Protein chains: 2
Amino acid sequence: MSTTRGRIDKRQAILEGAFTVFARLGYAQAGVQDIAAEAGVAKPTVYNHMTDKATLFRHALEAAAQTVLSERLAALDPLVAPGDDLPATLEGVAYELLRLHTDQRSCSLKRLLYSEITTFPDALDLVLDSGPHRLNQALADRLARLVLSGRLRATDPDLAAEQFMALLTGPLEARTRMGTQQITDSELRTMARAAVETFVRAWSAS
Amino acid sequence: MSTTRGRIDKRQAILEGAFTVFARLGYAQAGVQDIAAEAGVAKPTVYNHMTDKATLFRHALEAAAQTVLSERLAALDPLVAPGDDLPATLEGVAYELLRLHTDQRSCSLKRLLYSEITTFPDALDLVLDSGPHRLNQALADRLARLVLSGRLRATDPDLAAEQFMALLTGPLEARTRMGTQQITDSELRTMARAAVETFVRAWSAS
DNA sequence: CGTCGATTGTACTCACCAGTTCAACGTCAT
DNA sequence: ATGACGTTGAACTGGTGAGTACAATCGACG
């Protein structure tokens with residue numbers, strides 16, 4: 001049993017190490033040697049678990065995407081039972097989403113996706129469908145319940161969710177210089193407040 | 001003179017060919033040989049004009065960025081003298097911006113930037129500062145004049161510009177599958193209308 | 001202890017490609 | 001014509017890295 005355990009651990013270590021190195025150097029520059037070293041493993045061991053550098057890349061991306069998605073979904077939780085102060089609840093969720101969008105893993109994942117779309121067109125299916133789309137869906141669901149309780153305008157919740165995310169993450173690209181620059185926490189708060197204020201002004205019932 | 005002409009033409013051909021091939025294959029996969037072929041030129045000629053593959057990349061990016069920026073700035077022109085129907089004018093500008101944001105060159109440029117940030121950190125300075133930032137500035141200027149004429153709320157025009165662009169281009173990423181999927185013209189119209197409607201609802205004077 | 005499978009280090013093959021060299025060629029200016 | 005200069009094709013060098021082969025080692029389990 002512990003041997004199986006060991007194998008699983010190695011596999012995990014390899015996937016995480018691979019993502020780390022790919023994120024740091026890009027697909028082409030990252031050597032399988034480097035990845036093995038990062039994972040604390042010998043090069044042949046990598047090829048014992050993954051047939052290819054390419055499939056290694058795909059699996060590493062997929063794993064990272066899973067993590068990122070679940071984190072973001074969890075951030076939406078407060079919306080299922082918003083308090084009396086809806087804007088405050090929205091602002092909390094917005095801040096949390098911003099924090100997640102600016103962290104290391106998210107930025108690296110986005111960069112890697114963008115950079116290797118041309119050489120790995122199928123990576124999109126592994127990540128995107130299980131990514132922003134599912135998040136939008138979840139957010140739209142939460143917003144729809146707010147519509148029913150008369151707190152939001154009774155129009156397309158999907159559109160509302162889309163625009164909420166747009167208002168939130170749109171300004172990020174410029175501010176973080178495409179994810180290369182970290183941002184202060186108070187600035188994140190400010191951005192969340194600005195996005196929510198505009199969103200509420202445009203979408204609140206009345 | 002015609003020899004000079006010829007040299008200039010070769011240089012242009014090389015830059016354009018380089019951007020095309022880099023966009024198609026990515027920096028690492030693109031061979032200087034391929035680029036030379038695309039430009040209709042011999043490989044040593046490339047090295048006659050550019051010292052390096054890296055500097056070739058930088059110059060190609062810079063040239064493409066210039067083109068993209070000037071196109072987008074031109075799209076803002078209608079805002080200097082908007083007609084009586086402000087939303088209609090905004091919608092026209094929005095549509096034009098969307099069209100430019102979805103075209104081949106823009107998408108490729110964005111992808112290349114994202115992919116090579118790690119290996120070319122300085123490319124950001126060549127492109128970003130002369131890119132979205134300048135565009136936002138210009139848009140904010142136009143919006144400020146609308147504030148003065150009492151058509152928009154008298155708060156931060158920079159924020160307004162930022163959110164206008166966010167509402168516009170945020171939904172793009174998902175819809176175009178990160179620029180890999182083309183989008184129908186009517187859908188572009190719809191997106192422009194939705195963005196402008198929300199923007200006006202949140203920012204119009206009233 | 002002995003066996004089996006996974007792991008390790010090392011060292012190798014093989015392909016690919018950036019960058020260079022060189023001799024031949026075209027073209028324009030004087 | 002002649003010379004200067006950019007261009008061209010082809011062949012070469014050197015480095016790098018994916019993937020593999022192999023013999024030695026480790027650790028679990030009967």
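This is a predicted model: local features need pLDDT of at least 70, side-chain atom pairs count only at pLDDT 80 or more; totals for chains, interfaces and linings use all residues.
Residues are numbered from 1 along each chain as its sequence is written, chains are lettered from A and ligands numbered from 1 in the order in which they are written, and side-chain values use heavy atoms, with hydrogens and water left out.

**Stop 1: the whole of chain A**

Show chain A as a cartoon. You will find 10 helices and zero strands. Helices (H or I, at least four residues) and strands (E, at least two) are DSSP runs, numbered from the N terminus. Follow the chain from the N terminus, and the elements read α-α-α-α-α-α-α-α-α-α. The C-alpha trace of chain A spans about 65 × 40 × 30 Å along its principal axes.

**Stop 2**

Colour domain 1 and domain 2 of chain A separately.

The size of an interface is often given as the accessible area lost when the parts come together. Buried area is the accessible area (1.4 Å probe) that two parts lose on being put together, summed over both. Between domain 1 and domain 2 of chain A it is about 1100 Å², and carbon and sulfur atoms give 83% of that. Now select Phe19(A), Tyr27(A) and Met50(A). In domain 1 of chain A, these residues lose the most area to domain 2 of chain A, together 58% of what that side buries.

A salt bridge is a side-chain nitrogen of Lys or Arg within 4 Å of a carboxyl oxygen of Asp or Glu.

**Stop 2: chain A against chain B**

Bring chain B into view. 36 residues of chain A are in contact with 36 residues of chain B. The two chains bury about 3400 Å² between them, 64% of it on carbon and sulfur atoms. Highlight Tyr114(A), Arg177(A) and Met178(A), which supply 23% of the area that chain A buries against chain B, more than any other three residues.

Side chains of opposite charge can pair when their charged atoms come close. How many salt bridges join chain A and chain B? The count is six. For one of these, select Glu173(B) and Lys110(A): the closest N and O atoms of this salt bridge are 4.0 Å apart. Next, select H9(A), which gives the most to the side of chain A that touches chain B, with nine residues. By class, that side of chain A has 17 nonpolar, eight polar and 11 charged residues.

**Stop 3: a pair within chain A**

Over all chains, the structure holds 22 salt bridges. Zoom in on Glu187(A) and Arg175(A), a salt bridge with its closest N and O atoms 3.2 Å apart. Glu187(A) lies in helix H10 of chain A and Arg175(A) in helix H9 of chain A, so the pair ties together parts that are 12 residues apart in sequence.

**Stop 4: DNA strand C**

Select DNA strand C. It is surrounded by 17 residues, and the closest are Lys10(A), Thr45(A), Val32(B), Lys43(B) and Lys53(B). A residue is near a strand if one of its heavy atoms lies within 4 Å of it. Of the atoms of DNA strand C within 4 Å of the protein, 69% belong to sugar or phosphate and the rest to bases.

Turn to chain B. A polar backbone atom of Val32(B) is 3.0 Å from a phosphate oxygen of DNA strand C. For Ala30(B), a polar backbone atom is 3.3 Å from a phosphate oxygen of DNA strand C.

Finish on H3(A). The largest share of the surface near DNA strand C, four residues, comes from this helix. By class, the surface near DNA strand C has seven nonpolar, five polar and five charged residues.

Key: A polar contact is a pair of N or O atoms within 3.5 Å; within protein, one must be able to donate a hydrogen and the other to accept it, and residues adjacent in sequence count only if both atoms are side-chain atoms. Ala, Val, Leu, Ile, Met, Phe, Trp, Tyr, Cys and Pro count as nonpolar, Asp, Glu, Lys and Arg as charged, and the others, Gly among them, as polar. Contact means heavy atoms within 4.5 Å.
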